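User: Hi! Could you walk me through this model, one question at a time?

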Number of protein chains: 2
Amino acid sequence: MDVTPDRSQTRLDHYVDRYAARTAGMTASEIRALFAVASRPEVVSLAGGMPNISGLPLDVVGGAISDLVAHHGAVAMQYGSGQGVPELREQITDVMRLEGIEAHPDDVVVTVGSQQAVDLVTRIFIDPGDVVLCEAPSYVGALGVFKAYQADVVHVEMDAEGLVPAALRQAIASVKASGRRIKFLYTIPNFHNPAGVTLAAHRRAEILDICTSEGVLILEDNPYGLLGFDRDPLRALRADEADGVIYLGSFSKTFAPGFRVGWALAPHPVREKLVLAQESATLCPPQFSQMAVSAYLANHDWQGQIKQFREMYRERRDAMIGALDDLMPDGCEWNVPDGGFYVWLTLPPGIDAKAMLPRAVTARVAYVPGTAFFADGFGSRAMRLSFCYPTPERIREGVRRLAGVLEAEIELRATFGAAAPDRPLQAYQGYDGPGSDLS
Amino acid sequence: MDVTPDRSQTRLDHYVDRYAARTAGMTASEIRALFAVASRPEVVSLAGGMPNISGLPLDVVGGAISDLVAHHGAVAMQYGSGQGVPELREQITDVMRLEGIEAHPDDVVVTVGSQQAVDLVTRIFIDPGDVVLCEAPSYVGALGVFKAYQADVVHVEMDAEGLVPAALRQAIASVKASGRRIKFLYTIPNFHNPAGVTLAAHRRAEILDICTSEGVLILEDNPYGLLGFDRDPLRALRADEADGVIYLGSFSKTFAPGFRVGWALAPHPVREKLVLAQESATLCPPQFSQMAVSAYLANHDWQGQIKQFREMYRERRDAMIGALDDLMPDGCEWNVPDGGFYVWLTLPPGIDAKAMLPRAVTARVAYVPGTAFFADGFGSRAMRLSFCYPTPERIREGVRRLAGVLEAEIELRATFGAAAPDRPLQAYQGYDGPGSDLS
């Protein structure tokens, strides 16, 4: 038997008739296809969402982990509980207190990054055809999960102050009128990925009121909440509504993603289901990772470290906004995020960010086209630019290259017109993402 | 708003109407309910499947991980690829070569323990109502996954030489005649959990022939294959059939479970789906864990370590078999496993292992009732005893306590008869697990 697979031959997938129906919804994201390209050193990647962890004190982390192995190795390397390490769950409640959340460690479930929390929540709530409400645009990784569980995503408009309450009411009414079931609203209230906007404090009570009165559970995904540039964190939605909100947090952006430690804080009965789902999915999240994160939190000024991260990201945000101001051609619009990793850029009418991407990569700059963040093909005139990973100098160089590509695109268009009929401008309910009114 | 949940009140689950249909299949396993009890120090637990990792060289592990943080910390703590760390996948092919598998690292997907591999394979193949063929009995954690994805489990008889080929043919014919779709055969060929038996070498080709000619994919789960007591590993099923077998491996029993590093080796198109499923489930498996395992493999005589584990587990197996021989009342039967962690014990007619468990725990010994390992309620006259974790002295003490409970049970039954009519003996196709003909 030939054990060296013939790559060309195996491209023919004779399993194709055997996969589950859900597997058709698992497709490579536009971000994933970019990873290979963007990792070439000559390309300035404004595409990825990798945090810059070069500021972490490796000696402190290394020391804490050495001590962990030496003194608790037999526990750290053993199986643990499906819910997660109790001491870490206690520390997680301390972290959440910074956003006004008073929670009991019993209601926390540790997950393999908050991505797995999205997966487990979706697993326990979504039957095929159920509706998930999402901001427009929304996080590509969550949209991928919803698609894999055969949910119908209904996008809800955002503006410069985040999710628009009136649009939310309208979306709920419209879905209910269609006879479909809304299972939850998925929202990233702080420093939104990809839109960069934050749900205004005065809107939070209104969003909670709408969801409570309509019986819509909220899935509050908050990986960036502690990474504000100019102020203390806003109160989480969960801080004011314990029963109708599942809150997701992560150490990926405030410490490091390589441990894959995130969590869900859920109402008690939901928490029980999540633990069962976690046991089925992995038996237990990695004990070693959890205890490493716990040791870091116990032995290091982690809040001071977050402060350093905030300053570093603010400098990069400034570099990106400064470069956009200086270099972008007329007709581009963008927002100025006050935290997190991302700027949402809207292009002049007639320019398609996805179609332009190969030319951008040829010019050695990468971004994520806006369509990645919509379940329904909208967002073609927008792109996400991330300022988290490259240095300020590289960010400026990346924006310079991007501006060059855009200018050529605009000029080409002015000379020859569009190759294909323009998509309806602002096609998404008069709307192509929240950036356009924020420049 | 009251943020301190009232535990009694929240037991009323008002989310009950909102869960997905699959969530009804997520229930606490009998093993899980036991964990709390069995962890009390006065109880001898013959229930758990925790490996005994006290022999691991903590200085070597600590040193390797310190070096990892110092020299590669920025990579180890960062996001990685959904498929897993390339160097580790290369090392995994070295591990699999010990069982005759020649594989390419491109076809390996790293998972969060092999439990997650079972989950991801099931996710991409199983629609509700699809059939999974499983040995009788089968691994409780895999049965839980199949149930959570709403598969129909059809058990296939085993004997002292493992899965019975004629029974497999019959099961396939019977499922096909019923019009249902078989998606795969889930099998643990070596040192079976819970049955302790190994698929005989001469049967492997026959099982492969049947599955190939009937178009049944094989999911070969092999966490214990390198832990034989008396001989080198048998050739894996995957070693002789690259296209029709998905092979699952794990470092949990040959190194340590706390890193949660397992893997799937899959035909190329299936591998692509598994990577997409992994990205959706976790973005990527923990980079730090993977690099820690990789550093351990690179810096330590891991095969020598496995040899030590084999000797230690053999001593414990001998302690358990010796104690069973010396102490068990007449009418009990068990097998003598030549590797792995488990003995399958069949009780005298009329004794129900699950009903007896509370009395056993009162006598400070725990086991897992046989019913946990069947999807259909069989196995009531059997139990799994594990010899992996307690010391030989504790194993003997545990068996002594168990024998006392059993003797009282037998005596009670002789005096008063059964409280309820006996279940049909050997009800499962004339069969209650493979232990009964192996004592």
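Analyst: Happy to! To compare chains, copies are superposed by least squares on the C-alpha atoms of residues with pLDDT of at least 70 in both. Please keep in mind that this is a predicted model.

User: Which rotation superposes chain B on chain A?

Analyst: Two copies of a chain are related by a rotation about an axis and a shift along it. Here the shift along the axis is 0.0 Å and the RMSD is 0.0 Å. That is the relation of a two-fold axis, and the rotation is 180 degrees.

User: In chain B, which residue has the C-alpha nearest the axis?

Analyst: The C-alpha in question lies 3.1 Å from the axis. It belongs to B:Ser66.

User: What percentage of the contact residues of chain B recur in chain A?

Analyst: Both copies use the same surface. The share of chain B contact residues that recur in chain A is therefore stated for that one surface, and it is 100%.

User: Which residue lies over the face of B:Tyr19?

Analyst: A charge sits over a ring if NZ of Lys or CZ of Arg is within 6 Å of the ring centre and within 35 degrees of the ring normal. B:Lys273 lies over the face of A:Tyr19, at 5.4 Å from the ring centre. Over B:Tyr19, also at 5.4 Å from the ring centre, lies A:Lys273.

User: Are the rings of A:Tyr224 and A:Tyr342 stacked or edge-to-face?

Analyst: Over all chains there are 35 aromatic pairs. In this one the ring centres are 5.9 Å apart, and planes over 60 degrees apart count as edge-to-face. The planes of A:Tyr224 and A:Tyr342 stand at 90 degrees, so the pair is edge-to-face.

User: How many residues apart in sequence are the parts that this pair ties together?

Analyst: A:Tyr224 is in the loop between strands S7 and S8 of chain A, whereas A:Tyr342 is in strand S11 of chain A. A:Tyr224 is buried at 3% relative accessible area, and A:Tyr342 is buried at 2%. The pair ties together parts whose separation in sequence is 118 residues.

User: Which strands stand at the edges of the open sheet in chain B?

Analyst: The 8 strands of this sheet run in the order S2-S9-S8-S7-S6-S3-S4-S5, with mixed pairing. An edge strand has a single partner strand, so one of its sides is left without a neighbour in the sheet. In chain B, the edge strands are S2 (108-112) and S5 (162-163).

User: Which helix packs on that sheet in chain B?

Analyst: The helix touches S2, S6, S7, S8 and S9 of chain B. Its direction makes about 115 degrees with that of S2(B). This is helix H5 (residues 113-125) of chain B.

Note on methods:
Residues are numbered from 1 along each chain as its sequence is written. Chains are lettered from A and ligands numbered from 1 in the order in which they are written. This is a predicted model: local features need pLDDT of at least 70, side-chain atom pairs count only at pLDDT 80 or more; totals for chains, interfaces and linings use all residues. Side-chain values use heavy atoms; hydrogens and water are left out. Two strands pair if DSSP finds at least two bridges between them. Helices (H or I, at least four residues) and strands (E, at least two) are DSSP runs, numbered from the N terminus. Contact means heavy atoms within 4.5 Å. Axes are lines fitted to C-alpha atoms, for helices over the stretch in contact, and angles run from 0 to 180 degrees between N-to-C directions. Rings of Phe, Tyr and Trp (its six-membered ring) pair if their centres lie within 6.5 Å; planes under 30 degrees apart count as stacked, over 60 as edge-to-face and the rest as tilted. Buried means under 20% relative accessible area, exposed over 50%, partly exposed in between (1.4 Å probe, protein chains only).
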